Amino acid sequence: MSLLRVKNLRVTFETENGPVQAVRGVSFSLGRERLGIVGESGSGKTMTGRALLRLIRPPGRIEVDAMVFDGQDVATASERQMRALRGRRIAMVMQDPKFSLNPVMTVGAQLTEGLRQRDRLGRADARARAVAALQAVQIRDVDRVMAAFPHELSGGMGQRVMIAMMLIPEPDLLIADEPTSALDVTVQAEVLSILDRLVRDRGMGLIFISHDLRLVARFCDRVLVMYKGRIVEELAAADLMAARHPYTRGLLNCLPRIGGPRGPLPGLDRTGAWAQ
Amino acid sequence: MVALRVWLADPNPTSRRQARLGQVWLGWLRLRRNPLAMSGLVIVGLLLLVAALAPVLAPHDPLVQDLSRRLLPPLTPGNLLGTDDFGRDILSRVITGARITLYIVGLVALTAPFLGLLVGTVAGYFGGWTDAVLMRVTDIFLAFPRLILALALVAVLGPGIENAVLAIALTAWPPYARVARAETLTVRNSDYIAAVRLQGAGGARIILGHVVPTCLPSVIIRVTLDMAGVILIAAGLGFLGLGVRPPLPEWGLMISSGRKYLFEQWWVSTMPGLAIFVVSLGFNLLGDGLRDVLDPKSAPK
Amino acid sequence: MSLIDIAALSVTFRANGRTVRAVEGVSLCVQAKESYGLVGESGSGKSTILRAICGLAPVSGGAIRIGGTDLPTPRGRAFARSVQMVFQDPYASLHPRHTIDRTLSEPLAIHGIADSDARVSRALDDVGLPRSFRFRYPHQLSGGQRQRVAIARALMLEPGILLLDEPTSALDASVQAEVLNLLSRLRVERGLTFVMVSHDLAVIDHMCDRVLVMQHGRAVEELARDDLAGARMTTVYARSLFDASADRMLGDGKGPPG
């Protein structure tokens, strides 16, 4: 059974120059698998992720034919129902832990806040769950991290804390919006492997939003390629090299490769009908 | 008219002037969408208009006394706002007083921000001892309550409208220096400053050409918001008999001389008071609107 | 004799009573017309070396020589005509209130070079921007277009050495390809020497002849391009960097890297 089903999602922003359509009719479904959404800036991938959690405020507007999560209609749910969903059943990890963690609360306080308020756990229980979550993301010096403030942590550590925080309530779906883009390359690898193991062990669905096509292809089962608010190609990650859409092929070819030829990199030909 | 609009809205301007005017035009369009800011603009515009046409608009001579017509209430035929204790028409005096208010406000707006900008940007850009010395001087000026400092300066300089303006300007510049310095500190380490330093530019070129244009919006907004305060300080000085001398119809002075009659003939003080209120409100609204136009949207992404 | 000669360079930042050793004892030489890469993760000190060359970072030890002569402090006008820099963030490296025309003609005005009108037009042509963009403001341009302006600005004084601080890391992949192609073309046309900093090994491999791997302010290993492509690095860190960033499409199937 599909975990998430989206049909004809449209996100429009009212600007001083008229309405701007960030997402123009996106449809897809997701089981308990990993779906990658790839696109450049302005492709609408982040807006799609936000729209799934109804996190778009005016002047943005969401219109969708159907948006169903595990049998529940998300498109018409009330704000109260959405709050029950967000965090608990659908979690979101964002790009830069500097901006997504509260800078004036210690890590321990942030991890236990949800547990104590929402699930009404006692202090000791909440702390035990928080410590377990940090250990699950392979943080060894747990006590120090629990007492630390976000700015005292490195980028990779902060992102692991973010993942731990999001996974404490054991959600069914995780939306990861460029979770490793702000990290160094070697740290990226570590964080991704942690994410990989956690998602696999808990049988969660994962939507991985990124601009890095090759990373997504290695990490996900299926890939959606977006351009200017539309999905231009949908394919299994293993078939990525055999992609047929000119945009996908262009994206694959325009990246430099170690050991690759030193001639000019092929650019993207934006004259096709798909580019309008 | 339409051709002018098209020219201003051209996405590919062909001269510096066109580019700059185009940006001003866009700013104007944005301001127009803010009703409060527009009302502020209307009020300030009316002030300018009234001041410009004062001799024409005033029904009576503001300085001529007519002791047979003292203290007439508002809506007396011939005296819309009544007369004061010397029989002078209050409406005419308020209208003529607009000129004096504008003179004071204009002079302060032209002098204080420049001094503040200069001190603030130099202090912020060079740092070190220059910064420390200039900021301590600024702090000294800021430590005094504005009216007291203005009083002290006027006491030294002697009464008179130019001295009042000078005194007010000397109390008004420190906040601009602070604002300018804060902006300069933010901007000083940015890449575009590094780039122009790398091209061999000297401090003067960098401060005047690169730092000041970035600080200017904050200072302009601060100036409009301060205008209300300037008017009130001028009124305060006038109220205390320093600054503008009678029989000039400065609004603060009018309030002061109507003090004796406040309970029975309330209009003598209240009318100029209302004028101060309306103009201060106008500048405040305009300043708020300008902040929306100049700051967040025209700032880079 | 090498064009750029850095010997045991150290850069130390002191702020609020804390000292940060951004660069410690790094030595390298760049030959004329060579393209030299500095690669490392954040905090490796690679960008700091570029800033030290420009005189924008406090040098606490060692020496930098260009063309055999020590660099004067402050750098001065002659330096500006031989070394220029392209910065990382195209949104921050152009003055938001100056038109492109002003940004490009300013270096000419500083150095009293006449004929600025023709030179600005030619500069726009060289970087592939339409002349109609001349009086636009930066916020009216896309990221890739702004970076082209930054490149044009760096070349206005016709320097022989171009320092590039992660010039494409803030750009989309397709735009990156265009900008890298532009840089390669300009380098060949004008016989420029590049010192390029990046965290992306693939970009460095594509653009540079030799690479210095840096970590925590120190030089770890210097590699020629062939050695990089052939994975013939000798230090553990260089190899871990290579493994984490090697083209992930080649070779094994699924699963995260590392």
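Modeller: Helices are DSSP runs of H or I with at least four residues, strands are runs of E with at least two, and both are numbered from the N terminus. The model is predicted, so local features need pLDDT of at least 70 and side-chain atom pairs count only at pLDDT 80 or more, while totals for chains, interfaces and linings use all residues. Residues are numbered from 1 along each chain as its sequence is written, and chains are lettered from A and ligands numbered from 1 in the order in which they are written.

Colleague: How many helices and strands are there in chain B?

Modeller: Chain B has 12 helices and zero strands. Read from the N terminus on, its elements are α-α-α-α-α-α-α-α-α-α-α-α. Along the principal axes, the C-alpha atoms of chain B fill a box of roughly 75 × 55 × 25 Å. Chain A, by contrast, contains 10 helices and 11 strands.

Colleague: What radius of gyration does chain A have?

Modeller: The radius of gyration is taken over C-alpha atoms, and the globule rule is 2.2 Å times the number of residues to the power 0.38. For 276 residues, a compact globule would have a value near 19 Å; chain A has 20 Å, which agrees. The box filled by the C-alpha atoms of chain A is roughly 60 × 50 × 40 Å along the principal axes.

Colleague: How does one describe two packed helices?

Modeller: One gives the angle between their axes and the distance between the axes. Axes are lines fitted to C-alpha atoms, for helices over the stretch in contact, and angles run from 0 to 180 degrees between N-to-C directions. Angles under 35 degrees count as roughly parallel, over 145 as roughly antiparallel, 65 to 115 as roughly perpendicular and the rest as oblique. In chain B, helix H3 (residues 35-52) packs against helix H5 (residues 90-126) at an angle of about 110°, with the axes 8 Å apart. H3(B) is therefore roughly perpendicular to H5(B).

Colleague: Which hand does the crossing of H3(B) and H5(B) have, and which residues make the contact?

Modeller: A crossing is left-handed if the near helix is turned anticlockwise from the far one by less than a right angle, and right-handed if clockwise. The crossing of H3(B) and H5(B) is left-handed. Two residues are in contact if their C-beta atoms, placed from the backbone, lie within 7 Å. Here B:Leu47, B:Leu48, B:Val50 and B:Ala51 of H3(B) meet B:Ile95, B:Ala98, B:Arg99 and B:Leu102 of H5(B). As for classes, Ala, Val, Leu, Ile, Met, Phe, Trp, Tyr, Cys and Pro count as nonpolar, Asp, Glu, Lys and Arg as charged, and the others, Gly among them, as polar. This contact has seven nonpolar, no polar and one charged residues.

Colleague: At what angle do helices H7 and H8 of chain B pack?

Modeller: Helix H7 (residues 146-157) and helix H8 (residues 161-188) of chain B pack at about 140°, with their axes 9 Å apart. H7(B) and H8(B) are therefore oblique to each other, and H7(B) passes H8(B) in a right-handed crossing. Their contact has 10 nonpolar, two polar and one charged residues.

Colleague: In what order do the six strands of the open sheet in chain A lie?

Modeller: Two strands pair if DSSP finds at least two bridges between them. The order in chain A is S7-S8-S9-S3-S10-S11, with mixed pairing. Strands S7 (90-93) and S11 (230-236) of chain A stand at the edges with a single partner strand each, so one side of each is left without a neighbour in the sheet. On average, neighbouring strands of this sheet are turned by 15° against each other, direction ignored. S7(A) pairs with strand S8 (residues 173-177) of chain A in the parallel sense over four bridges; A:Ile90 has A:Leu173 as its bridge partner in S8(A).

Colleague: How many bridges join S1 to S2 in chain C?

Modeller: Nine bridges join strand S1 (residues 4-15) to strand S2 (residues 18-30) of chain C, and the two run antiparallel. They form a hairpin with two residues between them, and C:Asn16 in the turn has a positive phi of about 55°. S1(C) also pairs with strand S4 (residues 59-66) of chain C, in the antiparallel sense over six bridges.

Colleague: Finally, which chains touch?

Modeller: Two pairs of chains touch, and the most contacts are between chains A and C. Chains A and B do not touch; their nearest C-alpha atoms are 9 Å apart.
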